[in-house]
Amino acid sequence: MKPPPPSPTVALVTLGCARNEVDSEELAARLAADGFSVVADPSRASAVLVNTCGFVAAAKKDSVDTLLAAADLKRRGATRAVVAVGCLAERYGTDLAAALPEADAVLSFDDYPEIADRVHAALAGLAHRTHTARDRRRLLPITPVARQSAAVVVPGHRVADPDLPAGLPPASGPRPVRRRLDNGPVAPLKLASGCDRRCTFCAIPAFRGSFVSRPPADVVADARWLAGQGVRELLCVSENSTSYGKDLGDLRLLETLLPQLAALEGIERVRVSYLQPAEMRPGLVAAIAQTPGVAAYFDLSFQHAAAAVLRRMRRFGDADRFLGLLDSIRGLAPQAGVRSNVIVGFPGETEADLVVLTDFLAAAELDAVGVFGYSDEEGTEAAAMSGKLDEDEITARVAEVSSLVEELVDQRAARRHGEQLSVLVEEVHGTQGEGRAAHQGPEVDGSTRLRNLPPGTRVGDLLSVVVSESRGVDLVADVVGATAETGTRGAA
């Protein structure tokens, strides 16, 4: 009897945000359930799936370059098919397929439930009929509470799938359509997808769709499964976490969900990302700042501080309101971490507006700030606005604000000298290691170098440390003991 043919292999390359990481793990699980072997090295895969980012020009270029690199593997015979998925593929559809014939298939989110069939077809050399890009907001009802019953594919939202083999973990209860692609102690947990805001510079709602929350039971089931996979920190992600629950009839649902997640066995810390300053409410501030096991960490996308610029962005607030929000946070959690992003050079931004922004940043004492120069995104309202600044001026303003931010965040880190923090261990090298305190989000913020690790320290342990040095945004700390399960879990 002839041995069965080997399983086709597939590698997933994920670009962009943590939300894309969840989507890639959904695709990996669906492919594995259909007989594919998921491998880490694209050069050893029959097919390479590139989960692209389509947010801004730099991210789009990175996505195209990665697809071309995969196509080069195909030319050299290392792989047989290159498939584009994710936001860039969804956003441009047939246009991307025409501009990038090196990709064997450009898939929509609507293809995800049949991803195995699509990849088999690409491996067989069958042509795929690429979708025409459309505004995915039009696929869902305008009324948020009517969206849960709509038959629309929302990546990363399916938890129980009756078509998956019964042997996949967990053995009982809902089976997440998810397969971890790394073994680190931190994993993203999707709360929702899409966005109902209409920021004039942002194209995301058009290709990600309107806001849809995952039901709390699904979120908890996913989190429990992740804990069983060795995850110790949950990074709650969405396009707008402050809106969680509004389509489920309870805008304060996140305040009740966070304690449930923090109480799960094996979970040491829960972190919430993507918070809208204008939607922050006292109850949510308190839930993040004071719930044991929830990181006192506030990822607030201020974008600017000058009221006139914020109105043109179709956002709300101003420097005084933002500083008031920060005061309320630090009144509850003095060690709280706060990070943000700002856009410099938005159409109509005056020199006086820039001064308002820099004055705000100096007063805000943020732990990390991303500074981005404005660029037009097709299909957005801002792309057609008057008052555009030339590229040289935008570049100069970005350099000015970036230089200030570097100085300010260094000062903020230095003020943490002597603080006692709880650090999640992510690397161990003998008596030294590296990890992150609650004010340090994964990938986007600094980290903490750990000295004098106790014997037996493992990745995923939560240690109590005292900060002794800072090197830019990064900290150096000495371990003083293990963090108790209660009482200090909500500390920064």
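**Exercise 1. Determine which residues of helix α11 are buried, and where they lie around the helix.**

Solution. The buried residues of α11 are Ala319, Phe322, Leu325, Leu326, Ile329 and Arg330. They lie on the same side of α11, because they cover an arc of only 130° around the axis. Here, buried means under 20% relative accessible area, exposed over 50%, and partly exposed in between (1.4 Å probe, protein chains only). The arc is that of the directions from the helix axis to the C-beta atoms. Helices (H or I, at least four residues) and strands (E, at least two) are DSSP runs, numbered from the N terminus.

The model is predicted: local features need pLDDT of at least 70, side-chain atom pairs count only at pLDDT 80 or more, and totals for chains, interfaces and linings use all residues. Residues are numbered from 1 along each chain as its sequence is written, and side-chain values use heavy atoms, with hydrogens and water left out.

Next, consider the other side of α11, where Asp320, Arg321, Asp327 and Gly331 are exposed. Finally, the partners of the buried residues are α9 (282-290), β11 (297-299), α10 (307-312), β12 (337-344), α12 (351-364) and α13 (391-414). Contact means heavy atoms within 4.5 Å.

**Exercise 2. Classify the arrangement of helices α8 and α9, and name the residues that make the contact.**

Solution. The axes of α8 (residues 253-262) and α9 come within 9 Å and cross at roughly 10°. Axes are lines fitted to C-alpha atoms, for helices over the stretch in contact, and angles run from 0 to 180 degrees between N-to-C directions. Angles under 35 degrees count as roughly parallel, over 145 as roughly antiparallel, 65 to 115 as roughly perpendicular and the rest as oblique. Therefore α8 and α9 are roughly parallel to each other. Leu254, Glu255 and Leu258 of α8 meet Gly283, Leu284, Ala287 and Ile288 of α9.

**Exercise 3. State whether Val85 is buried or exposed, and what it touches.**

Solution. Val85 belongs to strand β4 (residues 81-86). Its relative accessibility is 1%, so Val85 counts as buried. Leaving aside neighbours within four places in sequence, Val85 is in contact with Leu27, Leu49, Val50, Asn51, Thr52, Leu107, Tyr112 and Ile115.
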